[in-house]
Amino acid sequence: MSEDNRKSINVLQRAFQLVECLSENSNGKRILQLAEDASLPPSTTHRILQTLARMRYVHQDSSSGVYRLTGKLLDIGSRAVIGRSLREESLPHLRRLRELTGESVHLVVLDGDKVLTVEALLSEERNLVDSRVGQREPVYCTAVGKCLVAQLPQVEDFISRLELVRFTDNTICTVSALREELIRVGEQGYALDWEENEVGIRCIAAPVGDPTGMVVASVGISGPTVRIQDEKRDALISYVVAAARD
């Protein structure tokens, strides 16, 4: 084996080492911590992370400097497991959910401390809630976000790092209240956003598990309060939970 080939293999091994180290902590890690965990020089760690960031496998938080995995690996993994991407697999179920509820539907994954919309179908009603692929929203005040965070193995560490900004009078703005909400979400198997993120908008979501039971995404519906009313809540919840399970 030539010297160039050996160097290429070493770089690949080191890159995957860093990816595996990042996968151990959903809150991400800083360069020095990653370098220590992977037994690599900080300069080498920095070069590899910059390459992974350019390829959109990792994202660096501009304020904290923390590196986290993006949803790109999830999309690749879903293709390997089911032969189709997560988005493609979800479409028939999302279409059915939109037919049953009449509301905008979306599939999201966790992307750092935000939720990332990877598929969305808009309501055909005149008064609709816009949801776009690539849209990023907070985790703590969205139904889809709460479904994902409630299942994290290190949830306490994750929520302690969140900046809980108030968007409406209903926004959860304390760690203790968020902790109680996430426990409730985990127990009931769905989450609600009753005008927590935006006034006049209500959302219902449920977690999506892979074949091992690990939560990899969440499915949700969003609509105006004039349509998503309290008396319709239980029926809508059953539709969303069924879609996520399917």
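1. A salt bridge is taken here as a side-chain nitrogen of Lys or Arg within 4 Å of a carboxyl oxygen of Asp or Glu, and the model to which this rule is applied is a predicted one. By this rule the count comes to 14 salt bridges. One of them joins the side chains of Glu156 and Arg179, with N and O at 2.6 Å, and this pair links distant parts of the chain, since Glu156 belongs to helix α7 and Arg179 to helix α8, 23 residues apart. Glu156 is partly exposed at 40% relative accessible area, and Arg179 also counts as partly exposed, at 33%.

2. A salt bridge between Glu196 and Lys146 has an N to O distance of 2.9 Å, and it connects the loop between β6 and β7, where Glu196 lies, with helix α6, which holds Lys146, across 50 residues. With buried meaning under 20% relative accessible area, Glu196 is buried at 8% and Lys146 is buried at 0%. Both residues belong to a network of salt bridges that also includes Glu181 and Arg184.

3. Thr168, in the loop between α7 and α8, counts as buried because its relative accessibility is 5%. Its side chain reaches the backbone oxygen of Glu196 at 3.5 Å, and, leaving aside neighbours within four places in sequence, Thr168 is in contact with Glu195, Glu196, Asn197, Glu198 and Val199.

4. Glu24 and Lys29 form a further salt bridge, their closest N and O atoms being 3.5 Å apart. Glu24 is exposed, with a relative accessible area of 53%, whereas Lys29 is buried at 6%.

5. Helix α5 covers residues 86-101, and its 16 residues should span 22 Å at 1.5 Å a residue, which agrees with the 22 Å between its end C-alpha atoms.

6. Strand β4 is largely enclosed by the rest of the structure, because 7 of its 8 residues are buried. It runs antiparallel to β3, to which 7 bridges join it, with Leu107 and Glu119 as bridge partners. The two strands form a hairpin with 2 residues between them, and Gly112 in the turn has a positive phi of about 70 degrees. Strand β4 is also joined to β5 by 3 bridges, again antiparallel, and there Leu116 has Arg136 as its bridge partner.

Key. Residues numbered from 1 in each chain as written. Predicted model: local features only at pLDDT ≥ 70, side-chain atom pairs only at ≥ 80, totals over all residues. Heavy atoms only, no water. Helix = DSSP H or I, 4+ residues; strand = E, 2+ residues; numbered from the N terminus. Expected span 1.5 Å × (residues − 1). Buried < 20%, exposed > 50% of the residue type's maximum accessible area, 1.4 Å probe, protein only. Pairing = 2+ DSSP bridges. Polar contact = N/O pair within 3.5 Å; in protein donor to acceptor, adjacent residues only side chain to side chain. Contact = heavy atoms within 4.5 Å.
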